[in-house]
Amino acid sequence: QVTLNADLDHAGLGAIDGDRGSITQNTVASIEVTTHQLTAIAAENIDLDTVVDRIDVRSTLAGDIVIRDGSSLQVDHAETVDGAINIRAALDVLALNVKAAGNTGDVTLLAIAGDIGIGSVTANSNVVVTASLGAIHDQNDDSLVDLSAATGTIRLTAAHEIAGLGADNRIELADGSQLIATNRSGDIRLSGLGSLTLTNIVTGDGAIDIVAKGTVDAVWVDSSATDSDVNDISMVTTLGDVRVSHVRAGVLNGDVSIDAQGSVLDGDTGVDDVDIEGNDVLLIARSGDIGTPTGQFFIDRPNGLDVITHASPLTPLEMGDLTANAVNGAVVLQATVAGSLQSTAVTLYVLSDGDLDTSTSIFNVTNLALIADTDGDGLGTLTLADSLLVSGDLWLEGADVVSAGPSAPLISLSASRLLFRSGGQAELSVATQALDATTENDLRISSTLADIELVDLNEDLFALQTIAPTASLALY
């Protein structure tokens with residue numbers, strides 16, 4: 001074993017080779033290596049205090065590497081065969097090539113008062129990168145893997161942005177990465193080169209921008225601490241789904257955009273927990289669904305992806321709109337929408353525990369279900385435009401169902417099959433081949449087709465009824 005217990009002062013290049021043992025700090029005397037470039041090779045541990053510009057440090061059998069540098073430090077190479085790597089610098093850290101292998105193969109990088117630049121950092125276990133007063137950057141303007149933690153978690157903590165430099169403005173993460181990334185201000189821009197789990201991504205004042213080549217699990221993604229129009233959240237997958245548990249931008253000004261090559265799905269099993277919240281929300285599922293549809297349209301009530309949009313009272317153009325497109329699939333939403341709702345899909349479900357106003361909505365769908373008062377407490381009005389037309393099935397339900405158009409209270413409806421349920425009264429003009437209608441109070445229906453069939457579509461044993469004893473019913 002080689003133990004250094006005296007000061008070393010090299011004016012030029014310095015090399016320390018302890019390939020038959022360790023290079024360690026003695027508990028009695030301090031070790032300080034001062035040189036331009038330090039090379040240290042040991043079979044076991046390396047533990048040094050340094051004031052150097054560049055280091056190449058390697059443990060060749062089983063041991064840890066610990067470097068405490070008093071200035072800025074460029075890590076040309078740091079590698080263990082079976083051990084952890086812990087590198088700390090008073091100012092900047094430039095980690096060009098860092099690799100920790102073995103069962104205890106963690107990598108920890110700390111810049112106390114500067115930035116951290118990442119070239120390639122690989123750990124068998126965890127990667128922890130902290131820029132206490134600075135930023136974390138991808139040092140190379142490329143699309144290669146910057147950070148990899150094979151069996152653990154990548155944790156990035158910075159005062160400022162966590163992102164790339166140049167044209168490639170993201171930090172690239174290995175396939176299967178689990179990530180925690182937080183900062184006080186500045187954007188967080190990341191690229192997953194496969195699947196990616198976003199365990200906790202939070203910025204105090206910045207935007208969050210995620211791109212991945214595989215499925216993204218958005219467990220907790222939040223930019224709401226500073227409510228600003230520039231502090232948006234964007235997630236894009238070029239392969240795979242986006243599974244959402246909590247994605248929240250500033251509720252009055254921050255927008256959320258999720259564009260999945262596959263589906264956009266609820267990532268947890270909670271009912272009526274808010275999955276997505278912001279000012280304007282855009283959801284795209286290019287080859288799948290948004291939410292999870294049910295098997296039988298009129299019978300099974302789905303638990304939709306829970307989305308809330310808010311209007312900004314100080315910015316008239318920030319209306320709180322929701323756009324949800326699944327051109328070849330279904331959209332299933334438990335939604336509270338401040339502005340308008342637009343959707344293109346084969347089948348669209350929109351559910352709300354309270355009121356649901358779709359009077360300004362634009363639907364390009366085959367089958368449509370609009371359901372207010374899903375919790376059944378009698379508080380939830382479904383508001384429609386004068387007329388509503390779909391080529392497939394239409395399901396309308398609420399504690400009350402009303403029209404906001406100039407023909408109110410008359411509502412004109414056209415569908416292949418129509419299920420209508422209201423806790424109030426209704427006057428309907430319908431063009432449908434199959435009808436199932438229930439109201440609490442008076443119900444008046446005129447058919448624009450010569451023939452209409454009364455069908456128990458929801459299997460409640462009734463195809464046409466009014467519930468109140470004094471309610472009237474007319475069909476003509």
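Student: Which residues form the aromatic cluster?

Tutor: Phe297, Phe298, Tyr349 and Trp395 form one such cluster. Keep in mind that this is a predicted model, in which local features need pLDDT of at least 70 and side-chain atom pairs count only at pLDDT 80 or more, while totals for chains, interfaces and linings use all residues. Residues are numbered from 1 along each chain as its sequence is written, and side-chain values use heavy atoms, leaving out hydrogens and water.

Student: How many aromatic pairs are there in the whole structure?

Tutor: The search finds three. Rings of Phe, Tyr and Trp (its six-membered ring) pair if their centres lie within 6.5 Å; planes under 30 degrees apart count as stacked, over 60 as edge-to-face, and the rest as tilted.

Student: Why is the pair of phenylalanine 297 and tyrosine 349 called tilted?

Tutor: The ring centres are 5.3 Å apart and the planes meet at 40°, so the pair counts as tilted. Phenylalanine 297 sits in the loop between strand S31 (281–285) and strand S32 (305–309), and tyrosine 349 belongs to strand S34 (residues 341–351), so this pair ties together parts that are 52 residues apart in sequence.

Student: Are phenylalanine 297 and tryptophan 395 buried or exposed?

Tutor: Both are buried, and tyrosine 349 is buried as well. Buried means under 20% relative accessible area, exposed over 50%, and partly exposed in between (1.4 Å probe, protein chains only).

Student: What makes S39 a mostly covered strand?

Tutor: Six of its six residues are buried. A strand here is a DSSP run of E with at least two residues, a helix is a run of H or I with at least four, and both are numbered from the N terminus. In a regular strand, side chains alternate between the two faces of the sheet. On one side of S39 are Asp393, Trp395 and Glu397, on the other Leu394, Leu396 and Gly398, and all are buried.

Student: How do you know that S39 pairs with strand S42 (residues 417–422)?

Tutor: Two strands pair if DSSP finds at least two bridges between them, and six bridges join S39 to S42, which run parallel. Glycine 398 has serine 422 in S42 as its bridge partner. S39 also pairs in the parallel sense with strand S36 (residues 362–371), over four bridges, and leucine 370 stands opposite leucine 396 there.

Student: Why are strand S35 (356–357) and strand S40 (400–403) called edge strands?

Tutor: Three strands form an open sheet in the order S35-S37-S40, with parallel pairing. S35 and S40 each pair on one side only, and that makes them the edges. Strand S37 (residues 381–384) and S40 share four bridges, with leucine 382 partnered by valine 401.

Student: What makes strand S6 (residues 73–80) mostly covered?

Tutor: Six of its eight residues are buried. S6 pairs in the parallel sense with strand S4 (residues 46–59) over six bridges, and arginine 58 stands opposite glutamate 79. S6 also has three parallel bridges to strand S8 (residues 93–95) and three to strand S9 (residues 98–100).
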